[in-house]
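The following exercises concern side-chain contacts and accessibility. Each task is followed by a solution in steps.

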Amino acid sequence: MKRSMYGVIRRILALTMTLILMMSSVAFAEKKYSTLEFGSKGADVLKLQKALLTLGYEPNGTDGKFGRGTEAAVAQYQKAAGLEDDGKAGTLTLNRLYDDLDNYNSSGSSSSSGSSVATTNPNTLKYGDNGSRVTELQTSLVTIGYDTNGVDGRFGAGTQRAVIAFQKAQGLKADGLAGTKTLQLLASLASSASSSGSGSSSGSSSGSSSGSSSSSNSGVYSRTLRKGYTGDDVLALQVKLQELGLYSGLLDGVYGTGSVAAVKSFQNKNNLKADGLAGLQTFNKLFSSSASGSGSSSSSGSENSGSSSGSSSSGTYISLRLGDQGSDVKAMQGALKNLNYNVSADGTFGALTQAAVIAFQTRNSITIDGVAGAKTQTLLYSGNAKAADSSSSGSGSSSGGSSSGGSSSGSSSGGSTTVPGVGEIKLLHWFNDIKPSVRSGQTVTIYDPASGTQWKLKLYSLGRHADSEPLTLSDTETMNKAFGNTTTWTPMPVYVQLPSGTWTLGTMHNTPHLSGSITDNGFDGHLCLHFLRDMDEATKNDPSYGVTNQKTIRKKWKQMTGIDIE
């Protein structure tokens, strides 16, 4: 009896141990992970970001750096999964995430553009890719209104965000991977958008349902404009709205708050949906003969009135502005040139002429709007106007006609002069967009919009910003004059033309410090050239001067576009 009882007990114990071991093996089946959180870097973060992106959570780039975008994506996933949404990816979160990813991949169709396709389909474009196909992708996205933060052939965070936005809008899997389905649909829509905005070179529009006239939409519309967009199409829209008396801001090619308000006003007056988005319907109506404005074709600016160009017999000057042509423009350019402002008397009011007008208005302390209205012209021809300060304008002639809305080139005392329109200025990220594409020893051009002067810097050392030095003694002198002939650490916002030719916003000082590589430039050391960085990163790694520069960049961009940058 006792042996029988012992046998039963032994079997029970054996069964219990078996159950314990089975439970333990289940418990140990879950992999242990190190917690990933803000500031983490490396392959594990990259794996996390790709998983989040595949499952529809945007980490704002798959770069192996756990920033605020990744933190927000983790928190969104945790909330959806019923976990504590603290934004930290620990063992529980990562096990759940990778289980969901496995289930997603196993249930997905073979045509899915998920993470598995990225490794099996060589035609899929993804974050980190480079080349002409990326350029084509970016061009198509921009054509239909998605901002890629530059068309530069590099698939960065801006391009990835644009692809995801496009995929969401088209009901595709929003994974940020441009696979066959995404590329085909994108190319089709971009082609349609381009053809709908094109027309004959003569600008005729017979048969147009909108009743367009000689000021047709031909060649203007290429995408739906939204707040923050820049370009020649924005500039054309602003000019037309100003002619209708609905826009009184700067003709800068930046679709900011003022442009949005003017478009809404136009849409209201013309029985269109007043959403502030300038799409094909709005463009067609705006450039038609039946477009309704405020009842006056004049600009509502502080000093500008009358039609687009010319002067009346009574001696009242008619406003001249970007895009105007003719003898009145040529006469004004001649008067500016006689006062040593950098302009070509070619009869075309282009970007270079606009810059000269702004420099004249600044120098003579009158309203600065780049439009030569009655007050500007009266002073210009009075014989009492202040000539250009030799430190702020080139006095040489300029070659080639300037165009309305692009860069213009000429010659000044400093050689080749490039005057960027505000609409050409991009806000590029130092670590994501600029630093990977430049190297020490390259030269950049600096344009100071306050004085209208420019100079060249040689990149010296690339870290959290670009240590740089003036290229020549002349560049040092021009730079110091722009700073009021004093050295200062106070950041000044400037436009920077990168070696690629792209213009971006930056800040700099002119105080020489530490070492430099050029011995005959009159600058003993180097200076610091800053570009956009994440504020969290700058606060952590460069909490004093770096943050000061970031605040200056954000303030200037707000002034230029009306857009706040976090």
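**Exercise 1.** Is Asp542 buried or exposed, and what is its relative accessible area?

*Solution.* The model is a predicted one, in which local features require pLDDT of at least 70 and side-chain atom pairs count only at pLDDT 80 or more, while totals for chains, interfaces and linings use all residues. Residues are numbered from 1 along each chain as its sequence is written, and side-chain values use heavy atoms, with hydrogens and water left out.

Step 1. Apply the classes: buried means under 20% relative accessible area, exposed over 50%, and partly exposed in between (1.4 Å probe, protein chains only).
Step 2. Asp542 has a relative accessible area of 18%, so this residue is buried.
Step 3. Asp542 forms a salt bridge with Arg533, with 3.4 Å between the closest N and O atoms; the criterion is a side-chain nitrogen of Lys or Arg within 4 Å of a carboxyl oxygen of Asp or Glu.
Step 4. Arg533 has a relative accessible area of 0% and is therefore buried as well.

**Exercise 2.** Determine how Arg68 and Glu71 are placed in their helix and describe their contact.

Step 1. The side chains of Arg68 and Glu71 form a salt bridge at 2.8 Å, N to O.
Step 2. Both residues lie in helix H3, three residues apart, which means a separation of about one helical turn. Helices are DSSP runs (H or I, at least four residues; strands are E, at least two), numbered from the N terminus.
Step 3. Arg68 is partly exposed at 40% relative accessibility, and Glu71 is partly exposed at 21%.

**Exercise 3.** Classify the aromatic pair of Tyr33 and Tyr98, and then that of Tyr341 and Phe360.

*Solution.* Step 1. Rings of Phe, Tyr and Trp (its six-membered ring) pair if their centres lie within 6.5 Å; planes under 30 degrees apart count as stacked, over 60 as edge-to-face and the rest as tilted.
Step 1. The whole structure contains six aromatic pairs. In the pair of Tyr33 and Tyr98, the ring centres are 5.7 Å apart and the planes stand at 55 degrees, so the pair is tilted.
Step 2. This pair links distant parts of the chain, 65 residues apart: Tyr33 is in the loop between helix H1 (2-27) and H2, and Tyr98 is in helix H4 (residues 91-107).
Step 3. Tyr33 is partly exposed, at 21%, whereas Tyr98 is buried, at 9%.
Step 4. Tyr341 and Phe360 form an edge-to-face pair, at 5.7 Å centre to centre with 70 degrees between the planes.
Step 5. Tyr341 lies in the loop between helix H12 (327-338) and helix H13 (351-363), and Phe360 lies in helix H13, so the pair ties together parts that are 19 residues apart in sequence.
Step 6. Tyr341 is buried with a relative accessible area of 2%, and Phe360 is buried with 1%.
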